[in-house]
Structures are given as structure tokens and as C-alpha cells.
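Subject: The two-chain model

Hello,

Here is the structure I promised to pass on. Please open it alongside this note, and my findings follow below.

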Amino acid sequence: MTETPLIKKAIEIGLKLGWDAKPAKKDKRTSLLSHTINVMMIADKLLEAYKHFNIYDVSEKKKIILSALFIHDFSKADEDISKQFLEGKVKDLPKRLRDKGKVRQEVEECLKQLGLDNSEINEAVDYAVSMEYSGPSDLDEFLSSKPVNKKIERILRLSDKIASIRTLDEALKFADLVEPLKLTYHKVFVIRGFSTHLLHKALQKIFRENGWFPVISKPEGTLYIGKNDFELNKEKLLSYLNDEFKHFIESFSETDIGEAAFGSFTATPIKTPEFVFMSRETAESFWTYIASRKVISDSDVNLKDKNFEILKQKKPDLNEIDLEYYYKLYNSMRYILMMGVFIIKSAENINNQLSKEIKENLKNKGIDVDTLINNYPRYNSPFSDVIEIVDKFLSSLNMKNMKREDIVKKTLDIFRESTADAVDKVKPAITSLKKALESIIHEVIHPKINSFDWKDSYEAYLDGKIKGTPLCPLCGNKAEEVGIASLIGDGVESFNNFIAGGTAIGGENKIRVCCLCTFEAKLRSLVGNIDNFEVFYIIPQTLIASDFADVFWSIAAEKIRLGNSQTHSTPSIITELTSWARIILENKDEELVVKSLDEIRREIEESIKSNEKMRKKIEKTIKEKFFGDFEAFADELKDAKGYKVKNIDDVIRLIIEKPELMNYFDTSLMRHRITVMLANNYVVMLLENFGKKDDPETVKMLKKIFVATLISKMFLSSVVLSDIPLSLLTTIIPKGVVNTPVKLGLKNFLEDYMEDGWITFDRYDKLMKKLSALLILEERYLNTSVSRKSTLYELIKKSPGRILHEIIERTKSKSEGKISERWKSDLKSVLKLLKEVEK
Amino acid sequence: MKKPIKMIEKTVEKDKEEVKNLTNGIITELSEYLKGFVPQRESISKHSIMGPVGKLLSVIESGRFENKEALIGYLINIHNNTSMNRISKEGLDHVKCALDELEKLRSKVDVRTWLRLLREIDYAVYKNKMEQIISS
């Protein structure tokens, strides 16, 4: 991203020329714009690497080289040539660039816009032509062309080849072009989301440490350039993965962690006990979160509730106000005591010593732990039992005469302190998470981890064949854990072939999932409740291995969520769909796309400069690793990376210039609330409370497709939509703009825009405009007296004439049957929208 | 033994493109005819906007008349009774063309599609006429 202004300008020109809707290759999986930008970015990386390894330095020619790459596929933008090219008929692409014809004129115009003077333009064209010779058919052209710097020509060709690979291993074929350097890659075989992201980060760190430069990233791995071969060590990877996991957890507030640990009072109260017992702080915040639940702090009183009747019978002397008071008290207390039991039971599963310690602490504070546990089944019902238990509990602690608020507070404090003290003392190792981290490293398929034994794996498979192994319905791994609805989703109690036959579904007899899917669900639960989120997998078409990408996507996510709240120039993608629809129909979207990308980059720089957190984090790193000795840190930085710094301001400045140093200080601190998670060039975006609450599935799907096309255009990406929140990202080679499951009702509507389940590059703009018009029309409908839930869905089913008729019927009463001028102009805008629908 | 049930996918709309072209042709012809229809009483109800075309399409839909001449006579009668001007030769030509194409269309599609297409034609003609009124 060092040539940001040039790349920004290139994106701007490309969008104006409509390259985002033109395929770059015969398989139509990348747009011409993305391919061009990719080639430029890859060349940028390669030049940097060659300079770093002292192979050769052509930095002074960088602008010309990148500009040459911008125009190298210029001829393909022409509709006729592009068509012939896709059919394999055109061979003389280089010639067109040099001939003094229409193409050449346009090329010169573009290069001028990129800031090149006349001599630089000629040089850039020569480079672009040199990389396009494809064989004997271009021989004449080759012999008559000017000789170019062979080193540069190799970089140009290599960049183009790397940008065109489908899988990372294909890149190894270009070894002769990279010499004396080498190419290698890391690759995983399952893409889960957050957990795979941590794995990628750990692997990247190891490669960087061994002197390898990341060139491109794909969802499944990263391609590196470097020199020194090394063996990937399993223990080292595990320890780095552990670090990444810790950093990840630390980037959330204690409240987030406490919230993520809680399930529901009625089903599984503690869905992720690991988070409760992680540290003293998390244990405390769990109880703080419990205290904030309405049923504890100020429970609702339902006078018709049968429990209220029971209370009346048990305590006939109480008046109405007192009854309400006691009803609240018993209700709050029964849930607190229940949570107390669950904490002890969950602790038992983690570590026996921890459970013993909690029990001991509770006993020391006067609680009869055995009675507390033995009473467990009676906390739910009947209510007469609850009254009896709570009364006994209050008497045992002499709290009978205290106020309700004080009783609740004191009890919560007892449990909070007992849990926190026990965690502090025992410091339990969270084995279930450790097991997940150990399992996930087996998903690395390249480079091979030496200790992984295929024989073991095969024997385990055979064992499963004999005994019968329930498989995880999400990923096909060995299913070992009972699915928890609040983690995995409501479907865990549905019928599945792996559920024991002849018994009722429920309790332990639910769908079982593997430890890695549970681990992924636990990580996602830190963001919020899985049922409130719509999952968008975003695969950037630009293969950024940029160290800025992490921050870029977190700010992009904020934009998607809020828009630009300061200037209101960019509406929020989630909440202001119709504003976006208007922008698209006015053809202002291209302007905004460039603006957004540019704004995001500026915001990144600003946020780094002014980020107090960043300063604190640097101070913390120095304190932890160098005992606060800045000079020792400066020496280490000089030795390891070759940079000199005098104070923290220097460090911040250095990070702005060399963003790869962010990894040194853990970039996760830059994130706001995570609604988006960037991994190795894929992004898991979770949109909370998307659409209207009562939107039917089809309408929600249409809105999701609209947002997906918009994100795709804004951030030059492909988007994969999924119906199942925890489903794996299986499509790692995008074939278009948006991949979506098609609801039956939308089949006819979407089939014109789709191929192989993907909305294609050449058709997505049309779909976006059509959906924009429909969204605005829906707003019109909703503004009129009749409002129906599935209006958007109805609109796609109706002919434009019928829509017009309905709008006229609904608005004519205002005009008293006459066609007033105002009404006429209103209807004109409706007709304009209908034209878009008809296209 | 019971006869096995044989399932055959019906592919009546073999040539989608042809059906589309025919439908568009009918819409254009009927819209052209309506340009020469000036109702005696100005109103913006669909019934009034569509004039004789609305009536013609509902008669076709119900199958009350099938004969082309009868349909033309029916339309002329309504036109002359409800319009400010009498039907012109050009107008009549448009109607004849539309009816010819409707006949072709009927032979190409099944009943279900036919009814759907008639409704589509109806609303498309209405939209064209409204467009003309709004932009005048």
C-alpha cells in the first residue's frame, strides 16, 4: 500500500471505465479491475522484497512499472475485443497498445491521469507491451519492439502470473522467474471463520520470523517470497496460536466475555464456562453480567402467574404491595442460587481443584454448599419449594430483615468473590480450549507439520467405521460435544440421523458437533448472540497481503454499520438501504466507492496517529518484554528490524510508515467492537439485527443480496451468503460477485443474474439497480396507507404496470380523482423507477 | 400389475424468446391503438384508461368470443360509444394486428401461461397509456 495515491487513482479510473463489470479471464471469476489492481499490488510487494534481499533495486521506476501494469490488459476492456478474447480468437493484444489508434489514445489519457509525462508514458507502454508477448504469433511485434529492462520485465510477468493463479501451489511453477529468491506458501483445508483466522495469523508470524515476505493472501493461505528454507515446528505453532488466541480474547472487554459466557436461565445457563474461569476479571464480570439481568435486578411481576397465587396461599397475611416485593425477591434469589450451583458444576468440568476451592470459599462465607447443591432440582418448580429454600437460605445468613436490593447484592457478592478468589488461586488450565487449539493445527496441509501422523488418522477413521462415529453436521469431523442451542443455533434439537433412535430429542440426546465447531461458536459468541446475526463471508478480489488490511476492514465495518456519521455523505449500508438505492440510481455510487476507500485509508492513518490505546499498548509491550527499559527495546528493534527509534512518538511514526510493524504490537487493539473479522483475505462480517424484525425470509434475502452487491462494489470483493450461521466457507475460489442460496420464491427473479449459484460480474450492476428501484418503490408503498410485510417480495412478482396501478389507486384519493401537476411529477418519478425494474 | 406412472416434463414454452416477442408486439399494437382513443368522460380509473382494450382482453380471457371478426366488431362498438372520435383506419389496423398476434400466442402456450400473459398485456398497455397521460 505504499503507492496508495497511485492505486487509488487506478481504482477511480477503472471504475469510470466500467472495469468492475468486465471479466479479466475466460473463467469470469475476477473482474478486470480487481485483476489490474492485484497485479499492481503484487508488483509493489515483489519490488519491496527484491530490494530487501539486495537482489536489485528499481524503486525509482516504481511509478512507471505500476502504471504499465495498470494498462497491460487495457485492450480487454473493449467489448468486441473482450468477446473475441474470451472465445480465444484474439492474439494481437500487444499490438493494439502500441498502434496509434483508439486504444493507444485512451491508454495515453489514462497514463496522464496517473501522473506520467510523455517519456514516461512511452516507457510504460513498452513495458506493458513486453509482458504481453504470448508466442510466435507476436514474433513480428517482438522483433520490432524496443528492448526493455529484463529484470523489470520478469517482475511484470511474475506479477501477472501470480495474480492469475487459482490455488496457491500453482505459484511454485514460477520458480525460474523468482530466482534467486524462492516462493512458498501455507495452506489450510477448512475455513471456519474466527478460529482459522487465528491459525493464519500464527502461521504468518512464523514465516515472517524466518525471513519470508507475504505476497498474496487467499482465504486458504498465504504465498510468501524469501530465501531460507525452514521446518514448521508443531510446538512453536501451538505456542504462537495460543498467543494469538490470548490477544484475541484480550481485545474484548470483560463485559463482552461475561456476556459470552452466559447462556439463558431456562436452558443452558453457562454456555462457555471457559470464559468465566479464564481470569479473576472474567469471573467477576460474569457475575456482574448476571446482576444486570432484569430477572435479577428488577423482575417483572405477573399478577396472573400461578406462582403469584402460590405465594398468596403461603403468605396469606401479606398485602398486595408486600406480595409483589416478596415475589420479586424469591424470583431473583432462585436464579442467583441456581447460577451458584451451575458455577460449581461448571468448575468441576474444568478442574476439580477449582470446584473444591469455590465450595470452600462459599462455606467460609457461611453458605451451606451441600444443601445448595442438593436443592438444585427444586429451584425451577414448584414455587412453594422455592419459597422454602430461599427462606432457609436467608435465615442461615441472617439476611431475613434486610432490604431486597441488599440481599441480592450481598448474595451476588458472595458468589462473585468466591468464584474470583478460587480462579485467582487455582489459575486453571482451560483444557477444552487447549484441545481445540491442538486440533486446529491439523488443518494445516502445507507446509507439512512433521509430527502429524497420517497412520494415526487413518486408524482413527477405521475405528470410527467399525464402532460408528457420529459426524459433525457442520464440518464432518468426529462429533464429540453436545450442541448448545445458544451457541450453535436452534437447530441442535432437530432430527438428525446421528441422534439415538427411539428416544426423545433433548437433554444429552441432541445433535453433536465437533470440538472445533464449538470452539468457533464460542469465539463468535464474544461478538454477540448467534441468532441475532446475519453472516456475510467477504472474499476481497484484491489479494491484499497488506498489513493494513486488518485495520482497513475494521474501519470498513464501522462504515458499513454507521456510514459516515460525521459528514453524512455516506449512508449506513445496514440501516439506510433506500438512501443507497437513490445513490445507485443517480449513478453516484462509483464516486462514493472511491471516496470510501480513500476515506478509510485516511481514517486509518489518523487513528494510528491519535490512538492513545496504541501508545499505551507500546508502553505495555515495553514494560512486559523489556521491564520498561526503552533503550533495550530500541536496541532489539534495531537488531531485529533495522529501525532506529528514540522515543514512543518515533515508534508510532514508524508504524505508520511500516505497517507490518503493527504485528509486533498486536493489531487487535485497533479494533472497535468487532462486527467483522478479517482473516487471511477473507472477512467474516456479522451484521446484527439486520433488516426489519418482521421481514419474511424472502425479503430479508433480497435485502441481504442488495447489501452484498453493494459491499462487493464498495470494497472490490466477492460475498458469500449463508443460511446456516456456522457453516464453513467452502467456496474459496469466487466465480462472481455474490454467492447465495436461492429461496424458492426468488428462483425466477434471480436466475437471470446467476450462473453456477453466483451473481456474475457482467450482470450485478443491473441487479443492483433493479433492487434499488424496488427498494424505493417499497418505501413508497409503506408510506401509503396500506402496508404489508412482504411488499418487496410482492413487487418482484408483479409486472411494472400492476405496480403503477396499485400506486395510482393508493395515491389518487389525495388528488381527488384529478391529475394535478404535483401528482404528475410524483408519478413521473415512479415511472422512472419502473423503467429500471423493466430493464 | 399396476401401470407405472410415467412422469413427463411438459415443455410448452419451447421458444421463450418468440413468446416474449409476440407479447411485446401485442402490447405495442394495443398501446398504439389506445393513442387514438379519447374517452368522453375524463377519469383516471383503470377501467376508463384502458377503454375498449380492457373490455376486449376480458372477453378474450373469458372466451366469450373466439372469432376475430366478432372481437373486432365488439371493440368498434365500444369505441364508438365511449370515445369522442370514431375509430380510425390506423387504429383498426393496430387492433387487427394485435388480434392476429394474440391468436399466434394462444397456440404457443398452455392455458395457465395464456391467462398470465393476458394479465401481463393488460397491465403493460395500462402502463404505456398512463405514461402517455403523465408525460403530456
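**Between the chains**

Two salt bridges (a side-chain nitrogen of Lys or Arg within 4 Å of a carboxyl oxygen of Asp or Glu) turn up across the interface of chain A and chain B. One of them joins Lys127(B) to Glu838(A), with the closest N and O atoms 3.0 Å apart. On the side of chain A that touches chain B, the elements giving two or more residues are α38 (800-815) and α39 (821-838); helices here are DSSP runs of H or I with at least four residues, strands are E runs of at least two, and both are numbered from the N terminus. The largest share of that side, eight residues, belongs to α39(A).

In total, 18 residues of chain A are in contact (heavy atoms within 4.5 Å) with 13 residues of chain B. The buried area is about 1,400 Å², and carbon and sulfur atoms give 72% of it; the term stands for the accessible area, with a 1.4 Å probe, that two parts lose on being put together, summed over both.

Before you read on, please keep in mind that this is a predicted model: local features need pLDDT of at least 70, side-chain atom pairs count only at pLDDT 80 or more, and totals for chains, interfaces and linings use all residues. Residues are numbered from 1 along each chain as its sequence is written, chains are lettered from A and ligands numbered from 1 in the order in which they are written, and side-chain values use heavy atoms, with hydrogens and water left out.

**Salt bridges within the chains**

A search of the whole structure gives 49 salt bridges over all chains. In chain A, Arg582(A) and Glu779(A) meet at 2.9 Å, N to O. Arg582(A) sits in helix α28 (residues 577-585) and Glu779(A) in helix α36 (residues 761-783), so this pair ties together parts that are 197 residues apart in sequence.

Arg104(A) and Glu108(A) also form a salt bridge, at 2.8 Å from N to O. Both belong to helix α6 (residues 102-113) of chain A, four residues apart, about one turn of the helix. Arg104(A) is buried because its relative accessibility is 6%, while Glu108(A), at 24%, is partly exposed. The cut-offs are under 20% relative accessible area for buried, over 50% for exposed and partly exposed in between (1.4 Å probe, protein chains only).

In chain B, Lys68(B) pairs with Asp100(B), their closest N and O atoms being 2.8 Å apart. Lys68(B) is in helix α3 (residues 68-82) and Asp100(B) in helix α4 (residues 89-108), so the link spans parts 32 residues apart in sequence.

**Around Thr184(A)**

Thr184(A) lies in strand β1 (residues 182-188) of chain A and, at 17% relative accessibility, counts as buried. Beyond four places in sequence, its contacts include Leu172(A), Phe207(A) and His446(A). The C-alpha atom of Asp229(A) is 9.2 Å from that of Thr184(A). Asp229(A) is in the loop between β3 (221-226) and α12 (234-250) and counts as exposed at 62% relative accessibility.

Best wishes
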